[in-house]
Amino acid sequence: MEEIERKEKEKNENQDIYSIIRDNKKSIIISFSIVFGLVFTILILAGINDVINTLKRTNLWILALTIVIQIFVYLLWALRWKIILDKMDQSPKFINVLGILMTSIFGNNITPGSIGGEPLRAYVLKEYNDTPFEVGLASTMADRVFEILPFLLMSILAVFALLSWYLDILSKIFLIILILVTIFGFSLVIYAGINKSVSEK
């Protein structure tokens with residue numbers, strides 16, 4: 001019995017995320033078809049001609065540059081998450097981490113409020129790498145902490161930018177307070193991410 005379990009474990013270790021996708025390609029194709037159908041329907045309702053006209057006016061060189069930059073962003077994002085996983089648990093290969101991350105991004109794009117990607121990432125990681133769901137979800141939250149820092153910087157810059165806007169004083173005060181409250185909230189999240197005892201609570 002133990003020998004069978006050992007061989008099954010070795011088989012799972014040798015199987016990468018892309019072979020899992022190939023094994024389940026039928027259900028994946030059906031799911032993608034449904035999602036693309038919904039997106040196409042939304043485009044028609046929103047005005048597909050306007051979207052096409054906007055794309056025609058797009059500078060192709062700038063579009064290509066943004067695609068290249070986005071590819072590098074995804075690669076670095078996957079590397080960052082892999083480093084976090086290596087510290088918390090045994091991480092899969094980089095190519096598989098990238099595949100799981102892309103699944104997560106897809107989940108964010110098709111769920112309202114972009115809240116489905118992180119639980120999906122933890123779930124796929126558990127199914128593929130046998131990483132505990134709690135560890136996987138904690139790693140995704142730790143990964144998100146790094147995105148809060150640029151947000152905080154932009155928020156602080158936004159406060160100074162608001163001072164130059166032609167708004168009445170009450171609107172300026174309200175917006176600045178709103179930004180500062182948001183910064184405070186995200187600062188608590190960063191503190192919780194750094195302090196292990198607070199994170200566990």
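Asp130 is exposed, with a relative accessible area of 66%; here exposed stands for over 50% relative accessible area, buried for under 20% and partly exposed for what lies in between, with a 1.4 Å probe and protein chains only. Asp130 sits in the loop between H7 and helix H8 (133–162). Although Asp130 is not a glycine, its phi is positive, at about 60 degrees. For comparison, most residues other than glycine have a negative phi.

The model is a predicted one, in which local features need pLDDT of at least 70, side-chain atom pairs count only at pLDDT 80 or more, and totals for chains, interfaces and linings use all residues. Residues are numbered from 1 along each chain as its sequence is written, and side-chain values use heavy atoms, with hydrogens and water left out.

The protein chain contains ten helices and zero strands. Helices (H or I, at least four residues) and strands (E, at least two) are taken as DSSP runs and numbered from the N terminus. Along the sequence the pattern reads α-α-α-α-α-α-α-α-α-α. Of the 201 residues of the protein chain, 22% count as buried. Among contacts with a separation of 6 or more, 54% join residues 24 or more positions apart, a contact being heavy atoms within 4.5 Å.

What does the interior look like? In soluble globular proteins, nonpolar side chains tend to be buried together. A nonpolar core is taken here as a set of buried Ala, Val, Leu, Ile, Met, Phe, Trp, Tyr and Cys residues joined through side-chain atoms within 4.5 Å. The largest such core has twelve residues, including Trp77, Trp81, Leu101, Val124 and Tyr128. Helix H5 (60–88), helix H6 (94–110) and helix H7 (117–129) each supply at least two residues of this core, and H6 gives the most, with five residues. Another core, of seven residues, lies apart from it, and among its members are Ile148, Leu162, Ile176 and Ile179.

Two packed helices are described by the angle between their axes and the distance between the axes. For H6 and H7, the angle is about 145 degrees and the axes are 8 Å apart. Such axes are lines fitted to C-alpha atoms, for helices over the stretch in contact, and angles run from 0 to 180 degrees between N-to-C directions. The crossing of H6 and H7 is right-handed, that is, the near helix is turned clockwise from the far one by less than a right angle. Residues making the contact include Ile100, Leu101 and Ser104 of H6 and Gly117, Arg121 and Val124 of H7.

Leu101, in helix H6, is buried, with a relative accessible area of 0%. Not counting residues up to four places away in sequence, Leu101 touches Tyr74, Trp77, Ala78, Trp81 and Arg121. Ser104 also belongs to helix H6 and counts as buried because its relative accessibility is 1%. Leaving aside neighbours within four places in sequence, Ser104 is in contact with Gly117, Glu118 and Arg121.

Arg121 lies in helix H7. Is Arg121 buried or exposed? At 1% relative accessibility, Arg121 counts as buried. Its contacts, leaving aside neighbours within four places in sequence, include Trp77, Ile100, Leu101, Ser104 and Thr140. The side chain of Arg121 also makes a polar contact with the side chain of Asp143 (3.2 Å). A polar contact is a pair of N or O atoms within 3.5 Å; within protein, one must be able to donate a hydrogen and the other to accept it, and residues adjacent in sequence count only if both atoms are side-chain atoms.
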